[in-house]
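Me: Could you walk me through this one? I have the sequence and the model side by side.

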Amino acid sequence: MRHTRLRLRFTILFILATLTIFSLITLYTFIWSTNELERQEQIQDAPKSPGAVPFWSAINHQNIYDLYATPASTIFKRKANITQSRIEELFQLIRNAHTDQAHLVDIEKLYPINPKWNFQKLLEEQQAQEQSDKDADTVDSATNLTKTTKTQRDLTTAEKTMSKHDKIQLRNYVLQVLAKWKKEHQNDEITTIASIMHDELEQDEPSKLNTSWYKYMKTVTNLRVYDPHSSPFKRLLNHLQNAEVIEANEMPQGTQIKVILDLPDSFRALLKPYRVPRNYQTLPDHFYFSDIERHHAEIAAFHLDKILGFYRVPPVVGRLIDITRDIREKATEDLANTFFISPANNTCFRGHCSYYCDTSHAVCGKPGDRLEASVQILLPRPPDVDWEKITHPYRRSYSAARKAKWESNENYCYEHVFLDEEYHNRLLLDMMDLSAFDFLIGNMDRHHMMRISSFGSNTALVHLDNGRSFGRYDYDDLSILTPIRHCCLFRYSTFARLHRVYRQGLSTLLSRSLENGEQLKKILVDEHLTAIDRRLEILFGQLDTCIKTYTVKRVMIDDGID
Ligand SMILES: Nc1ncnc2c1ncn2[C@@H]1O[C@H](COP(=O)(O)OP(=O)(O)OP(=O)(O)O)[C@@H](O)[C@H]1O
Ligand SMILES: [Mn+2]
């Protein structure tokens, strides 16, 4: 009896407990779901959390954690002031002018110069003028001249800039000089790095003469750093991609981390590691000189240079490396000492350099040992081969406060570049090619131009260091075109190639080249591809303006360089 009552009491207790638990759960679920609903309502207009946004579309997402975040800027679309049909017209115009010019031998008639005008005299006048400006500046700062008198003096200086007549004469003079340069150099023999290095190698390291490295060096000439159709080029790409690393050493030159890899068969390569995602844009408050170098920019620049037919960027591939096996275990002591394991258990290294070489900007594998990098052939350097480092006349000021001279002087090309005899040769037009290339890739950081001086004077620029290109796709920096806008000179051959890729669709060619020839995926986000097409049109627009101002034959030049 007692037993049955006890069981009944237990059953009631059990039912009561179940009911309580059940109602608690229901209540909790209700409260939770209402909260959730409310929460969802609240964040309906707020940006999605970074995790909810697919990686490639995260580009225009504002920062959810930033209370003052403004919506990402809408893509800045600068319109080219030229239509497709005008580009075609321009092409016909330029092609006809080129054909006409090929038959004309009398350069003096084509570019007439007043017998009373003299280059040397103009040069001396200009130099005297500069000296007096400098002296006046020194006096100004010494006597602490008031602002008004200084402005007055600036005004008189402005009046003293090169006269219109002198400018016309000087342009014709430069055009004549370039035509003479062509005559002198059109039969130059093409030389190779292999031939420059041959004798020393034969004496000191004869075994190197049988390597695939030497075979590639036979294709590096004074005109281009690789032959895209040759087998040494294809083998080189494969080698950069797959060869085992023998030693990893830090590159002492430069401001950001770079690693020199020794590869088998005498090859050396320059590695720039992954630092930021493909959709990273130069931080709004960063100058170009604080911008972080991007491995994907190096890769994309190589592909673009190849499509444009310059062949002036040393071959580079994107490579997935094992940070421990390929770098740490092969590192020199100095480099190895900067390795550590991060809190996320990834292998990282800091390296030694002046920008971003500290623990908070370390290069880390992600996850673990996996690291993307650009790997570029390191061309022979001094003492084996001599290079010339030319300060770019349109170099930006590397100071946050100062501006460069060319930014405020519209006559800068006449007063500084045309008057400088160092530019009375192919260098002037190589610089125009480079300005076009840099504008397309958005590179503001071309402080120097490099060329291999062991080749003599007829030697192409080598487009080294493109790590700070592709920094922005929402902005086209017209100032990169200043050399072209100021000097208004351009090669026929370059124009013809630009026109060809324009017709084929430059961005299509580029994305195809990256897809087929690159192991790393999505090197350029679509926004960068769109920007390149837009910039090509802007470049044509600039050439159109030049031609309208100076006529085709005073802008377009055939200096014999393809
Ligand atoms: N592929 C290469 N072959 C031969 N030399 C190279 C190559 N790449 C770079 N160099 C040399 O190394 C120097 C530094 O490289 P790079 O310009 O890429 O570094 P950086 O950190 O951007 O330097 P900076 O801060 O001076 O621009 C170059 O000026 C050049 O002399
Ligand atoms: Mn650089």
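Reply: First a term: a residue is buried if 20 or more other C-beta atoms lie within 10 Å of its own, exposed if 12 or fewer, and partly exposed in between, with C-beta atoms placed from the backbone. This is a predicted model, where local features need pLDDT of at least 70 and side-chain atom pairs count only at pLDDT 80 or more, while totals for chains, interfaces and linings use all residues. Residues are numbered from 1 along each chain as its sequence is written, and chains are lettered from A and ligands numbered from 1 in the order in which they are written.

Me: Is Glu293 buried or exposed?
Reply: Glu293 is buried, having 24 other C-beta atoms within 10 Å.

Me: And what does Glu293 touch?
Reply: Leaving aside residues up to four places away in sequence, Glu293 touches Gln256, Lys272, Arg275, Gly467 and Arg468; contact here is when two C-beta atoms, placed from the backbone, lie within 7 Å.

Me: Where does UniProt put the "binding site" feature?
Reply: The unreviewed UniProt entry places it at Glu293 and Asp465, though such annotations may be inferred rather than shown by experiment. They span 173 residues in sequence, yet no two of their C-alpha atoms are more than 9.3 Å apart, so they gather at one spot.

Me: What about Asp465, buried or exposed?
Reply: Asp465 is buried too, with 22 other C-beta atoms within 10 Å.

Me: Switching topic, what stands opposite Cys348?
Reply: Cys348 stands opposite Cys364 in β7, strands being DSSP runs of E of at least two residues, numbered from the N terminus.

Key
Pairing = 2+ DSSP bridges. Helix = DSSP H or I, 4+ residues; strand = E, 2+ residues; numbered from the N terminus.
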